[in-house]
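Thank you all for coming; I would like to walk through one structure with you this morning, beginning with the sequence and the model themselves.

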Amino acid sequence: MSDTTIALRDGTSHTLRILMTGGTGFIGRPLAAALGLAGHDLLILSRGGPPPAKEAWGQARFVRDLQQLGCDEHIDCIINLAGEPLAGGRWNAERKARFLGSRLQVTDQLLQLVQRLEHKPEVLLNASAVGYYGHQQDQPLDEGASARDCFSHQLCARWEERAGAFEPLGLRVCLLRIGVVLGRDGGPLAELRRPFDWGIATQLGNGRQWLPWIHLQDVLDICAFALGQPQLQGAINLTAPEPVTQAEFSRALRRQITHPCLPLPVPAWLLRLLVGEMADEILLSGQRVVPHKLLQHGYVFRYPTLAQALIDLTSTVGNPHT
């Protein structure tokens, strides 16, 4: 996301008090800025306290511990994005335990807060991922699709199950199964684009695995949309209407790069050697996920096609070859 905050297109017409976790991350930071711009009152859980560039979050109030919030605290909505990122190195038993623990611990703390609040929030938007569906082939997957067991499915399923504990307290729970989020500053697009900026157009494995992508701005708009749609609940696929294969993504990105690129497939065995289990869980497998529930409820994507998204994103990202 660039430093310029884009106004949210959808949402409620009245001011909400929103508690957010993960508010300083790749999705959380621009979402907090956009919600603040829309006039909402934000509480952000940040273990390290206010970040150095606190002005980027406007008038948001930061808390180090949810115990700082009294039982009479008024909170309308909770957006739970906290969790250790899955990328960044080889997976082992210790890291996988941290992936799960970081998500469940914060969710449990939020549940304990809601249990003691005199005024219960109306809605919980809880992050999840398309990894819920596990390793899939070509079958289109809506929110009712069956999952295949693997670590990614287990991680998402346990997080979603824990979020479901808010429902008996009267909250509307939205489980945001988020795809590969493409944004301007950092995130997956920066990693996927780096070889292209070096003049190498990479394709991962055979390229036939599906890449369920979504533009960051649509993620922000969907969060605002979900806050204002009382009939929207349960699992929600946050992916663009037109998923692509990894090979199609590579070709589309190559068309947006102004300098010549040499096509170079990266074989599956090399990816497994370099990053281990993460290769099969994230890079070499995919899901042909479709946002059935969002379309059914009338959400209109800003960036429904990959070409539109990449034109927007690559036109604002610095190119070292230009």
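Which residues does Leu35 touch, leaving aside residues up to four places away in sequence? Leu35 touches Leu8, Ile18, Met20, His40, Leu42, Ile79 and Leu227, where contact means heavy atoms within 4.5 Å.

Before I go on, a word on the source: this is a predicted model, in which local features need pLDDT of at least 70 and side-chain atom pairs count only at pLDDT 80 or more, while totals for chains, interfaces and linings use all residues. Residues are numbered from 1 along each chain as its sequence is written, and side-chain values use heavy atoms, with hydrogens and water left out.

Leu35 and Leu125 touch the most other members of the largest nonpolar core, which has 46 residues; such a core is a set of buried Ala, Val, Leu, Ile, Met, Phe, Trp, Tyr and Cys residues joined through side-chain atoms within 4.5 Å, and buried means under 20% relative accessible area with a 1.4 Å probe, protein chains only. Helix H5 (residues 216-227) gives the largest share of this core, nine residues, helices being DSSP runs of H or I with at least four residues, numbered from the N terminus. There is also a second, separate core of 21 residues, including Val63 and Leu175.

Turning to the whole protein chain, buried residues make up 52% of its 322 residues. Of the contacts with a separation of 6 or more, 80% come from residues 24 or more positions apart.

Key
Buried means under 20% relative accessible area, exposed over 50%, partly exposed in between (1.4 Å probe, protein chains only). Helices (H or I, at least four residues) and strands (E, at least two) are DSSP runs, numbered from the N terminus.
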